[in-house]
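Me: I am new to this structure and would like to learn how to read its features. Please take them one at a time.

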Amino acid sequence: MTQHASDLGVRRAEPTHSVEKTSWLQTIRKDWKRHWAIYLMAIPVIAYYLIFHYGPMYGLQIAFKEYSPAKGILGSPWIGFKHFESFFNGIYFWRLIKNTILLNIYDLVFGFPAAIVLALLLNEIRQARFKRVVQSISYLPHFVSIVVVAGLMVDFLSRSGLVNQIIGIFGIEPIDFLKEAGWFRFLFVSSGIWQGIGWGSIVYLAAISTIDPTLYEAGRMDGANRWKQTLHITIPGIMPTIVILFILQMGNMLTVGSEKVLLLYNPLTYDTADVISTYVYRKGVLEASYGFTAAVGLFNSVISFILIVTANTVVKRISENKLW
(Lines give C-alpha, C1' and ligand atoms only; values in the text may rest on other atoms or scores of the structure.)
Protein backbone atom coordinates (compact mmCIF):
# COMPACT_ATOMS: atom_id res chain seq x y z
CA MET A 1 0.00 0.00 0.00
CA THR A 2 2.85 2.34 0.90
CA GLN A 3 4.70 1.41 -2.25
CA HIS A 4 1.58 2.07 -4.29
CA ALA A 5 1.20 5.53 -2.71
CA SER A 6 4.81 6.38 -3.41
CA ASP A 7 4.36 5.35 -7.02
CA LEU A 8 1.37 7.62 -7.23
CA GLY A 9 3.43 10.40 -5.70
CA VAL A 10 6.09 9.91 -8.34
CA ARG A 11 3.51 9.95 -11.09
CA ARG A 12 2.01 13.12 -9.70
CA ALA A 13 5.42 14.84 -9.58
CA GLU A 14 6.25 14.06 -13.21
CA PRO A 15 3.52 16.24 -14.79
CA THR A 16 4.54 19.10 -12.49
CA HIS A 17 8.14 18.89 -13.74
CA SER A 18 6.91 18.75 -17.33
CA VAL A 19 4.68 21.77 -16.79
CA GLU A 20 7.58 23.73 -15.29
CA LYS A 21 9.83 22.80 -18.20
CA THR A 22 7.16 23.76 -20.72
CA SER A 23 6.50 27.02 -18.92
CA TRP A 24 10.22 27.87 -18.98
CA LEU A 25 10.42 27.23 -22.72
CA GLN A 26 7.27 29.21 -23.34
CA THR A 27 8.70 32.14 -21.38
CA ILE A 28 11.79 32.15 -23.60
CA ARG A 29 9.70 32.01 -26.76
CA LYS A 30 7.45 34.83 -25.60
CA ASP A 31 10.43 36.95 -24.60
CA TRP A 32 12.06 36.32 -27.97
CA LYS A 33 8.90 37.29 -29.87
CA ARG A 34 8.51 40.43 -27.77
CA HIS A 35 12.15 41.58 -27.80
CA TRP A 36 13.54 39.96 -30.95
CA ALA A 37 15.01 43.27 -32.16
CA ILE A 38 17.06 43.65 -28.96
CA TYR A 39 18.38 40.10 -29.30
CA LEU A 40 19.42 40.79 -32.89
CA MET A 41 21.27 43.93 -31.81
CA ALA A 42 23.07 41.90 -29.13
CA ILE A 43 24.35 39.32 -31.61
CA PRO A 44 27.29 41.46 -32.92
CA VAL A 45 28.38 42.24 -29.36
CA ILE A 46 28.25 38.58 -28.37
CA ALA A 47 30.09 37.60 -31.55
CA TYR A 48 32.78 40.20 -30.85
CA TYR A 49 33.51 38.82 -27.40
CA LEU A 50 33.40 35.21 -28.59
CA ILE A 51 35.80 35.85 -31.48
CA PHE A 52 38.23 38.37 -29.99
CA HIS A 53 38.11 37.59 -26.24
CA TYR A 54 37.09 33.97 -25.65
CA GLY A 55 38.43 32.52 -28.89
CA PRO A 56 42.06 33.59 -28.26
CA MET A 57 41.98 31.79 -24.90
CA TYR A 58 42.70 28.64 -26.88
CA GLY A 59 46.17 30.04 -27.55
CA LEU A 60 46.95 30.47 -23.85
CA GLN A 61 48.37 26.97 -23.83
CA ILE A 62 51.53 28.27 -25.53
CA ALA A 63 52.42 29.73 -22.11
CA PHE A 64 53.13 26.15 -21.10
CA LYS A 65 54.83 25.14 -24.35
CA GLU A 66 58.06 25.77 -26.24
CA TYR A 67 56.04 27.37 -28.98
CA SER A 68 57.31 27.35 -32.55
CA PRO A 69 55.27 28.93 -35.37
CA ALA A 70 56.50 26.19 -37.69
CA LYS A 71 55.11 23.43 -35.44
CA GLY A 72 51.96 25.27 -34.46
CA ILE A 73 50.20 25.27 -31.11
CA LEU A 74 49.38 21.57 -31.06
CA GLY A 75 52.77 20.47 -32.39
CA SER A 76 54.87 22.48 -29.92
CA PRO A 77 56.20 20.46 -26.95
CA TRP A 78 54.96 21.00 -23.41
CA ILE A 79 57.47 22.50 -20.94
CA GLY A 80 55.22 23.13 -17.93
CA PHE A 81 55.91 26.25 -15.88
CA LYS A 82 59.36 26.95 -17.33
CA HIS A 83 58.34 30.33 -18.78
CA PHE A 84 56.80 31.42 -15.48
CA GLU A 85 59.94 30.43 -13.58
CA SER A 86 62.08 32.36 -16.04
CA PHE A 87 59.94 35.45 -15.53
CA PHE A 88 59.81 35.22 -11.73
CA ASN A 89 63.56 34.61 -11.47
CA GLY A 90 64.46 37.23 -14.08
CA ILE A 91 66.56 40.25 -13.18
CA TYR A 92 63.80 42.63 -14.32
CA PHE A 93 60.88 41.02 -12.45
CA TRP A 94 60.78 43.29 -9.40
CA ARG A 95 61.52 46.39 -11.43
CA LEU A 96 58.61 45.65 -13.75
CA ILE A 97 56.22 44.94 -10.88
CA LYS A 98 57.29 48.04 -8.94
CA ASN A 99 57.05 50.40 -11.90
CA THR A 100 53.68 49.04 -13.02
CA ILE A 101 52.14 49.21 -9.54
CA LEU A 102 53.55 52.67 -8.76
CA LEU A 103 52.24 54.17 -12.00
CA ASN A 104 48.79 52.75 -11.26
CA ILE A 105 48.89 53.89 -7.62
CA TYR A 106 49.78 57.43 -8.68
CA ASP A 107 46.99 57.37 -11.22
CA LEU A 108 44.57 56.01 -8.61
CA VAL A 109 45.53 58.63 -6.02
CA PHE A 110 45.65 61.65 -8.35
CA GLY A 111 43.88 60.70 -11.58
CA PHE A 112 40.84 58.87 -10.24
CA PRO A 113 39.60 61.72 -7.98
CA ALA A 114 40.38 64.34 -10.65
CA ALA A 115 37.39 63.40 -12.80
CA ILE A 116 35.13 63.41 -9.74
CA VAL A 117 36.32 66.86 -8.67
CA LEU A 118 35.83 68.24 -12.20
CA ALA A 119 32.31 66.82 -12.36
CA LEU A 120 31.45 68.40 -8.99
CA LEU A 121 32.84 71.76 -10.13
CA LEU A 122 30.98 71.64 -13.43
CA ASN A 123 27.79 70.83 -11.55
CA GLU A 124 28.13 74.11 -9.64
CA ILE A 125 28.33 76.25 -12.79
CA ARG A 126 25.00 77.99 -13.33
CA GLN A 127 25.73 79.71 -16.67
CA ALA A 128 24.84 77.09 -19.28
CA ARG A 129 26.92 78.60 -22.10
CA PHE A 130 30.07 78.88 -19.98
CA LYS A 131 29.51 75.34 -18.69
CA ARG A 132 29.32 73.96 -22.24
CA VAL A 133 32.51 75.77 -23.20
CA VAL A 134 34.38 74.38 -20.19
CA GLN A 135 33.10 70.88 -20.88
CA SER A 136 34.11 71.04 -24.55
CA ILE A 137 37.61 72.24 -23.67
CA SER A 138 38.02 69.48 -21.08
CA TYR A 139 36.78 66.80 -23.52
CA LEU A 140 39.04 67.74 -26.43
CA PRO A 141 42.31 66.14 -25.17
CA HIS A 142 40.59 62.75 -25.07
CA PHE A 143 40.24 62.81 -28.86
CA VAL A 144 43.89 63.68 -29.44
CA SER A 145 45.96 60.69 -30.52
CA ILE A 146 48.47 59.33 -28.02
CA VAL A 147 51.13 59.70 -30.73
CA VAL A 148 50.32 63.41 -31.02
CA VAL A 149 50.34 63.84 -27.23
CA ALA A 150 53.71 62.11 -26.97
CA GLY A 151 55.07 64.24 -29.81
CA LEU A 152 53.93 67.43 -28.07
CA MET A 153 55.56 66.30 -24.83
CA VAL A 154 58.83 65.53 -26.60
CA ASP A 155 58.85 68.97 -28.23
CA PHE A 156 57.78 70.95 -25.15
CA LEU A 157 60.03 69.08 -22.70
CA SER A 158 63.25 68.99 -24.70
CA ARG A 159 66.22 71.10 -23.61
CA SER A 160 65.26 73.77 -26.13
CA GLY A 161 61.51 73.29 -25.68
CA LEU A 162 58.89 75.68 -24.40
CA VAL A 163 59.02 74.47 -20.79
CA ASN A 164 62.77 74.97 -20.49
CA GLN A 165 62.48 78.40 -22.13
CA ILE A 166 59.91 79.42 -19.52
CA ILE A 167 61.86 78.17 -16.52
CA GLY A 168 65.01 79.71 -18.02
CA ILE A 169 63.44 83.12 -17.47
CA PHE A 170 63.69 82.45 -13.74
CA GLY A 171 67.35 81.45 -13.98
CA ILE A 172 66.76 77.68 -13.81
CA GLU A 173 69.10 75.47 -15.82
CA PRO A 174 67.53 73.44 -18.67
CA ILE A 175 66.30 69.98 -17.66
CA ASP A 176 66.19 66.86 -19.82
CA PHE A 177 62.78 65.80 -18.56
CA LEU A 178 62.46 62.75 -20.79
CA LYS A 179 66.03 61.60 -20.18
CA GLU A 180 65.88 61.67 -16.38
CA ALA A 181 64.23 58.66 -14.77
CA GLY A 182 62.97 60.68 -11.81
CA TRP A 183 60.64 62.76 -13.98
CA PHE A 184 58.96 59.97 -15.93
CA ARG A 185 56.20 58.98 -13.47
CA PHE A 186 55.15 62.57 -12.88
CA LEU A 187 55.02 63.33 -16.60
CA PHE A 188 53.21 60.10 -17.46
CA VAL A 189 50.51 60.47 -14.80
CA SER A 190 49.99 64.23 -15.19
CA SER A 191 49.65 63.98 -18.98
CA GLY A 192 47.19 61.12 -18.50
CA ILE A 193 45.10 63.25 -16.14
CA TRP A 194 45.10 66.12 -18.64
CA GLN A 195 44.00 63.82 -21.44
CA GLY A 196 41.32 61.87 -19.59
CA ILE A 197 39.87 64.13 -16.87
CA GLY A 198 37.15 65.65 -19.06
CA TRP A 199 36.04 62.38 -20.62
CA GLY A 200 36.04 60.65 -17.24
CA SER A 201 33.80 63.31 -15.75
CA ILE A 202 30.97 62.45 -18.16
CA VAL A 203 30.00 59.37 -16.15
CA TYR A 204 29.84 61.32 -12.90
CA LEU A 205 27.88 64.17 -14.49
CA ALA A 206 25.37 61.61 -15.73
CA ALA A 207 25.13 60.15 -12.22
CA ILE A 208 24.65 63.63 -10.73
CA SER A 209 21.78 64.31 -13.16
CA THR A 210 19.84 61.36 -11.69
CA ILE A 211 19.82 62.80 -8.15
CA ASP A 212 16.34 63.92 -7.04
CA PRO A 213 16.20 67.78 -7.14
CA THR A 214 13.88 67.77 -4.12
CA LEU A 215 16.83 66.68 -1.99
CA TYR A 216 18.61 69.94 -2.79
CA GLU A 217 15.44 71.91 -2.08
CA ALA A 218 15.12 70.20 1.30
CA GLY A 219 18.78 70.95 2.00
CA ARG A 220 18.34 74.63 1.22
CA MET A 221 15.29 74.78 3.49
CA ASP A 222 17.41 73.30 6.27
CA GLY A 223 20.04 76.00 5.73
CA ALA A 224 22.63 73.88 3.88
CA ASN A 225 24.97 75.92 1.69
CA ARG A 226 26.41 74.67 -1.63
CA TRP A 227 29.35 72.97 0.05
CA LYS A 228 27.15 71.05 2.47
CA GLN A 229 24.77 70.09 -0.32
CA THR A 230 27.69 68.72 -2.28
CA LEU A 231 29.06 66.90 0.74
CA HIS A 232 25.80 65.38 1.98
CA ILE A 233 23.70 65.03 -1.20
CA THR A 234 25.79 65.01 -4.38
CA ILE A 235 28.67 62.82 -3.26
CA PRO A 236 26.45 60.17 -1.58
CA GLY A 237 24.25 60.23 -4.70
CA ILE A 238 27.13 59.33 -7.01
CA MET A 239 28.85 56.99 -4.56
CA PRO A 240 27.59 53.79 -6.26
CA THR A 241 29.15 54.98 -9.53
CA ILE A 242 32.39 55.89 -7.76
CA VAL A 243 32.57 52.47 -6.11
CA ILE A 244 31.99 50.56 -9.36
CA LEU A 245 34.62 52.54 -11.25
CA PHE A 246 37.02 52.17 -8.32
CA ILE A 247 36.63 48.38 -8.38
CA LEU A 248 37.26 48.33 -12.13
CA GLN A 249 40.32 50.54 -11.62
CA MET A 250 41.67 48.08 -9.07
CA GLY A 251 41.42 45.35 -11.67
CA ASN A 252 43.89 47.30 -13.83
CA MET A 253 46.56 47.73 -11.17
CA LEU A 254 48.99 45.57 -13.17
CA THR A 255 48.01 47.03 -16.53
CA VAL A 256 49.63 50.09 -18.08
CA GLY A 257 49.07 50.93 -21.74
CA SER A 258 52.28 50.19 -23.61
CA GLU A 259 51.71 52.70 -26.44
CA LYS A 260 52.38 55.86 -24.45
CA VAL A 261 55.27 54.37 -22.50
CA LEU A 262 56.92 53.12 -25.69
CA LEU A 263 56.67 56.60 -27.20
CA LEU A 264 58.15 58.36 -24.16
CA TYR A 265 60.68 56.06 -22.55
CA ASN A 266 64.27 55.28 -23.49
CA PRO A 267 67.08 53.21 -21.96
CA LEU A 268 67.96 56.10 -19.63
CA THR A 269 64.50 55.96 -17.99
CA TYR A 270 64.04 52.16 -17.86
CA ASP A 271 64.49 52.21 -14.07
CA THR A 272 61.16 54.01 -13.61
CA ALA A 273 59.46 53.61 -17.00
CA ASP A 274 59.82 49.95 -17.92
CA VAL A 275 56.52 48.17 -17.14
CA ILE A 276 55.09 44.72 -17.80
CA SER A 277 53.42 45.69 -21.09
CA THR A 278 56.60 47.20 -22.57
CA TYR A 279 58.62 44.18 -21.45
CA VAL A 280 56.09 41.90 -23.16
CA TYR A 281 56.44 44.01 -26.32
CA ARG A 282 60.22 43.72 -26.36
CA LYS A 283 60.23 39.99 -25.64
CA GLY A 284 57.29 39.03 -27.81
CA VAL A 285 57.56 41.31 -30.84
CA LEU A 286 61.26 42.14 -30.98
CA GLU A 287 62.65 38.82 -29.74
CA ALA A 288 59.77 36.58 -30.95
CA SER A 289 59.52 34.79 -27.59
CA TYR A 290 55.80 34.13 -27.89
CA GLY A 291 55.48 31.47 -25.24
CA PHE A 292 57.29 33.55 -22.64
CA THR A 293 55.16 36.64 -23.30
CA ALA A 294 51.99 34.54 -23.18
CA ALA A 295 53.05 33.35 -19.72
CA VAL A 296 53.66 36.94 -18.57
CA GLY A 297 50.30 38.03 -19.96
CA LEU A 298 48.53 35.13 -18.24
CA PHE A 299 50.19 36.01 -14.94
CA ASN A 300 49.07 39.61 -15.37
CA SER A 301 45.47 38.57 -16.10
CA VAL A 302 45.27 36.21 -13.11
CA ILE A 303 46.57 38.87 -10.69
CA SER A 304 44.16 41.45 -12.15
CA PHE A 305 41.25 39.03 -11.66
CA ILE A 306 42.28 38.40 -8.05
CA LEU A 307 42.54 42.14 -7.39
CA ILE A 308 39.10 42.95 -8.81
CA VAL A 309 37.45 40.10 -6.88
CA THR A 310 39.22 41.17 -3.67
CA ALA A 311 38.23 44.82 -4.13
CA ASN A 312 34.61 43.87 -4.77
CA THR A 313 34.55 41.61 -1.69
CA VAL A 314 36.01 44.29 0.58
CA VAL A 315 33.65 46.98 -0.71
CA LYS A 316 30.67 44.64 -0.36
CA ARG A 317 31.46 44.09 3.31
CA ILE A 318 31.82 47.76 4.24
CA SER A 319 28.98 49.16 2.12
CA GLU A 320 25.96 48.16 0.07
CA ASN A 321 27.62 49.19 -3.19
CA LYS A 322 29.29 46.47 -5.23
CA LEU A 323 30.04 45.37 -8.77
CA TRP A 324 28.25 42.03 -8.43
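Me: Which residue lies over the face of Phe292, and at what distance from the ring centre?

Reply: A charge is said to sit over a ring if NZ of Lys or CZ of Arg is within 6 Å of the ring centre and within 35 degrees of the ring normal. Here Lys283 lies over the face of Phe292, 5.2 Å from the ring centre. Lys260 is placed over the face of Phe188, at 5.0 Å from that ring's centre.

Me: Where do these values come from?

Reply: The model is predicted: local features need pLDDT of at least 70, side-chain atom pairs count only at pLDDT 80 or more, and totals for chains, interfaces and linings use all residues. Residues are numbered from 1 along each chain as its sequence is written, and side-chain values use heavy atoms, with hydrogens and water left out.

Me: How many aromatic pairs does the structure hold?

Reply: A pair of aromatic rings is described by the distance of the centres and the angle of the planes. Rings of Phe, Tyr and Trp (its six-membered ring) pair if their centres lie within 6.5 Å; planes under 30 degrees apart count as stacked, over 60 as edge-to-face and the rest as tilted. The structure has 24 such pairs. One of them is the tilted pair of Phe93 and Phe299, with 6.4 Å from centre to centre and 55° between the planes. This pair links distant parts of the chain, 206 residues apart: Phe93 is in helix 5 (residues 93-124) and Phe299 in helix 15. Helices (H or I, at least four residues) are DSSP runs, numbered from the N terminus.

Me: Are Phe93 and Phe299 buried or exposed?

Reply: Buried means under 20% relative accessible area, exposed over 50%, and partly exposed in between (1.4 Å probe, protein chains only). Both Phe93 and Phe299 are buried; for Phe299 the relative accessibility is 16%.

Me: What else surrounds Phe299?

Reply: Contact means heavy atoms within 4.5 Å. Apart from neighbours within four places in sequence, Phe299 touches Phe84, Phe87, Phe88, Phe93 and Ile97. Phe299 itself belongs to helix 15 (residues 290-318). From Phe87 to Phe299 is 212 residues in sequence, but 9.8 Å in space, C-alpha to C-alpha. Both are members of one aromatic cluster, together with Phe88, Tyr92, Phe93, Trp94, Tyr279 and Phe292.

Me: Why is the pair of Phe143 and Trp199 called edge-to-face?

Reply: Their ring centres are 5.3 Å apart and their planes stand at 85°, so the pair is edge-to-face. Phe143 lies in the loop between helix 6 (128-139) and helix 7 (146-157), and Trp199 in helix 9 (residues 181-209), so the pair ties together parts 56 residues apart in sequence. Phe143 is exposed at 57% relative accessibility, while Trp199 is partly exposed at 39%.

Me: How do helix 5 and helix 9 cross?

Reply: Two packed helices are described by the angle between their axes and the distance between the axes. Axes are lines fitted to C-alpha atoms, for helices over the stretch in contact, and angles run from 0 to 180 degrees between N-to-C directions. The axes of helix 5 and helix 9 come within 7 Å and cross at roughly 40°. The two are therefore oblique to each other; angles under 35 degrees count as roughly parallel, over 145 as roughly antiparallel, 65 to 115 as roughly perpendicular and the rest as oblique.
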